[in-house]
Amino acid sequence: MKLINRHIAKTISWRILGTLDTMFLSWIITGDLKVGMQIGLADVIIKMVLYYLHERAWFKSSINNSNKRHLFKTVTWRVIGTITTIILSFWILGNSTHSFQIGGAETLTKTILYYFHEKFWYRLSFGLNKYRKGLKEQI
């Protein structure tokens, strides 16, 4: 299995969690389920691409300490994700107050969700067997 399959699977699993969180927060903050779904669905498309690119960039990182790596990845992704959500929310709602409330709320919820998502995937060997084997052969 190619390593790219791992990145795709990880992207999909995070996007499911992230989208559900965005939809829920948008619904709670605006009081409108339809708006929550609109923001969540717009979020899916844009953030899947951004997350995949973020994942590929971090794969090339030289930070080997897992706790530091998880923390830095969490912070960099959260900045990208929150800015994107605020922009999308404003585009859909035309209301900067709700847009910043949604972005602020998801900063807290998604930072926690993302950190544990990273910990889970760090322990999962899915898609890494051939990659790890290739590293051993190089040594």
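**View 1. Ring pairs link W14, Y51, W77 and Y114 into a cluster.** The model is predicted, so local features need pLDDT of at least 70 and side-chain atom pairs count only at pLDDT 80 or more, while totals for chains, interfaces and linings use all residues. Residues are numbered from 1 along each chain as its sequence is written, and side-chain values use heavy atoms, with hydrogens and water left out. The pairing rule takes rings of Phe, Tyr and Trp (the six-membered ring for Trp) with centres within 6.5 Å, and calls planes under 30 degrees apart stacked, over 60 edge-to-face and the rest tilted. That rule gives 6 aromatic pairs.

View 2. Helices here are DSSP runs (H or I, at least four residues), numbered from the N terminus. Both W14 and Y114 are buried, which means under 20% relative accessible area with a 1.4 Å probe and protein chains only (exposed is over 50%, partly exposed in between).

**View 3. Y114 also pairs with Y51.** With centres 6.1 Å apart and planes at 80°, the Y51 and Y114 rings make an edge-to-face pair. Y51 comes from helix α2 (residues 33-59) and Y114 from α4, so parts 63 residues apart in sequence are tied together. Y51 is buried at a relative accessible area of 1%, and Y114 counts as buried at 1% too.

**View 4. K10 and E55 meet in a salt bridge.** The definition asks for a side-chain nitrogen of Lys or Arg within 4 Å of a carboxyl oxygen of Asp or Glu, and the structure holds 10 such bridges. For K10 and E55 the N to O distance is 2.9 Å.

**View 5. E106 bridges to R78 and to K110.** The closest N and O atoms are 2.8 Å apart for E106 and R78, and 2.6 Å apart for E106 and K110. The R78 bridge links distant parts of the chain, with E106 in helix α4 and R78 in helix α3, 28 residues apart. E106 and K110 both lie in α4, 4 residues apart, about one turn of the helix. E106 is buried, with a relative accessible area of 0%, and K110 counts as buried at 1%. Salt bridges that share partners join R15, D21, D43, K47, R78, E106 and K110 into one network.

**View 6. Helix α4 has a kink of about 30°, centred on T107.** The bend at a residue is the angle between axes fitted to the seven residues ending there and the seven starting there. End to end, the C-alpha atoms of α4 are 39 Å apart, which agrees with the 40 Å that its 28 residues should span at 1.5 Å a residue (the expected span is 1.5 Å times one less than the number of residues). Buried residues of α4 include S99, I102, G103, H117 and W121. Among what covers the buried residues of α4 are α1, α2 and α3 (66-93), where contact means heavy atoms within 4.5 Å.

Terms used. Helices (H or I, at least four residues) and strands (E, at least two) are DSSP runs, numbered from the N terminus.
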